[in-house]
Amino acid sequence: GASRKSGEGFSAPGEGGKGEPSMLGTLRSEDCGYELQVRASWFRLEDYYRKAMNYSLMIIFTVPAQIYLLVKQTEHSGTQAGMAKISLACVGWQAVLDSYQCLMHLTAGIIVETLFHSFSTAAFFQFTLFSVFEMRVLLQIWKSRRPNSEQNWLEIRRDLSALYSRFYGGFLLGFVIMYWCANSPWFIALLCNSYWLPQIAWSAWHNAKKPLMPAYVLGTSAIRLLVPLYVFGCPDNFVRVKPQFWVCWLLVVWVAAQVTALAAQHVFGPRCFIPDKYLPEVYDYHRRVEPEVLAGAGAGDVECGEAGGVDCVICMNAVDAKAPRERMVTPCNHFFHQECLERWMEVKMECPTCRGALPPL
């Protein structure tokens, strides 16, 4: 025989009941010594669909804003030198996150037929974001770091395969991390919102000055916080996760700390908060040059210009090679006016004379 005991309680925030009664019960078999606890929460299906639709609309309207910001950033860093300043891992991290969300929304739309149109539209927008726009930026960054590579087609295919392998390797690694950290969703959210760390490290290590637009950093950070804040902070979220407001504060503070670090690098320099002894030495374009190098460059020859001067091949005017503060010299010992070479390096990171690779300023 089996006995039944039931009672009534009230649903907790995030359970979909809005505080309305929920059923609690116990099924007990005295003969078998078996007991089963039962709990049923109040749930309105139409409310669930409405919340899910509102969530999908949020995604549909915010993804085009992400695309707009990314396009503006691409225009801002449209030159070879500008693209070389952007961290490949930073953009790749965001592309992996968008691929996860695309897969998640598409799966939800397939499982719940009523939500298919709205969630498949959101998935399509995110697929466009990561497969078209972000992958294009990744290829532009990859190409910018090979300014003078005389590669044949097989070598280019090999490098491209390595790039795509890293992307899909990161995609699979993310699944492994989420599986092992399934009991700590807050840690997964914190890890997913650490995408600015590679850019901070890249800028400091390579002395990359002002790689990202402030509007792109602020806009992207705010938009990417919407989903985790909705899941962990909205009491009426459609995924029925109980609010954890401390996670929301943690994410906001963590992203704000990364944005603050990027802002400090933008204003005070990419190495403003890291001691120089922990970073590689930066090439000095105003270094002193040995007399034999000056003689080999033609300094002091009247035919090359004024005494002590050589021709700047960018503007074809004489530059005083013996005045370190007025000229810049490349690692390949070619001399230029400071303003001429700085403008040139905004377009190409290669020597105007011999096409050799140039270190960042």
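Reply: This is a predicted model. Start in helix 1, where Glu-75 and Lys-72 lie three residues apart, about one turn of the helix.

Me: What makes Glu-75 and Lys-72 a salt bridge?

Reply: Their closest N and O atoms are 3.7 Å apart. The cut-off is a side-chain nitrogen of Lys or Arg within 4 Å of a carboxyl oxygen of Asp or Glu. So Glu-75 and Lys-72 qualify as a salt bridge.

Me: Why is Glu-75 called exposed?

Reply: Glu-75 has 53% relative accessibility. Lys-72 has 33% relative accessibility and counts as partly exposed.

Me: How do you know that Arg-50 and Asp-47 meet in a salt bridge?

Reply: The N to O distance is 3.9 Å. The limit is within 4 Å, so the pair of Arg-50 and Asp-47 counts. Both residues are in helix 1 (residues 45–76), three residues apart, which means a separation of about one helical turn.

Me: What makes Glu-350 and Arg-355 a salt bridge, and why is Glu-350 called buried?

Reply: The side chains of Glu-350 and Arg-355 meet at 3.4 Å, N to O. That is within 4 Å, so the salt bridge stands. Glu-350 has 6% relative accessibility, under 20%, and is therefore buried. Arg-355, at 37%, counts as partly exposed.

Me: Which residues do salt bridges that share partners join into one network?

Reply: Asp-98, Glu-134 and Arg-224. The structure holds seven salt bridges.

Me: Arg-224 also sits over a ring. How do you know that?

Reply: The charged end of Arg-224 is 5.8 Å from the centre of the Tyr-195 ring. The angle has its own limit, within 35 degrees of the ring normal.

Me: How many aromatic pairs are there?

Reply: The count comes to 19 aromatic pairs. In the pair of Phe-127 and Phe-130, the ring centres are 5.5 Å apart and the planes are at 90 degrees. Centres must lie within 6.5 Å, and planes over 60 degrees apart count as edge-to-face, so this pair is edge-to-face.

Me: Where do Phe-127 and Phe-130 lie, and are they buried or exposed?

Reply: Both lie in helix 4 (residues 116–144), three residues apart, about one turn of the helix. Phe-130, at 12% relative accessibility, falls under 20% and so counts as buried. Phe-127, at 43%, counts as partly exposed.

Me: Why is the pair of Tyr-283 and Tyr-285 called edge-to-face?

Reply: The planes of Tyr-283 and Tyr-285 are at 90 degrees, over the 60 needed, so the label holds. Their centres are 4.8 Å apart. Tyr-285 is buried, with a relative accessible area of 3%. Tyr-283 is partly exposed at 23%.

Me: What makes helix 3 roughly antiparallel to helix 4?

Reply: Helix 3 (residues 88–111) and helix 4 pack at about 160 degrees, with axes 8 Å apart. Angles over 145 degrees count as roughly antiparallel, so helix 3 and helix 4 get that label. Their crossing is left-handed.

Methods: Residues are numbered from 1 along each chain as its sequence is written. This is a predicted model: local features need pLDDT of at least 70, side-chain atom pairs count only at pLDDT 80 or more; totals for chains, interfaces and linings use all residues. Side-chain values use heavy atoms; hydrogens and water are left out. Rings of Phe, Tyr and Trp (its six-membered ring) pair if their centres lie within 6.5 Å; planes under 30 degrees apart count as stacked, over 60 as edge-to-face and the rest as tilted. Helices (H or I, at least four residues) and strands (E, at least two) are DSSP runs, numbered from the N terminus. Buried means under 20% relative accessible area, exposed over 50%, partly exposed in between (1.4 Å probe, protein chains only). A charge sits over a ring if NZ of Lys or CZ of Arg is within 6 Å of the ring centre and within 35 degrees of the ring normal. Axes are lines fitted to C-alpha atoms, for helices over the stretch in contact, and angles run from 0 to 180 degrees between N-to-C directions. Angles under 35 degrees count as roughly parallel, over 145 as roughly antiparallel, 65 to 115 as roughly perpendicular and the rest as oblique. A crossing is left-handed if the near helix is turned anticlockwise from the far one by less than a right angle, and right-handed if clockwise.
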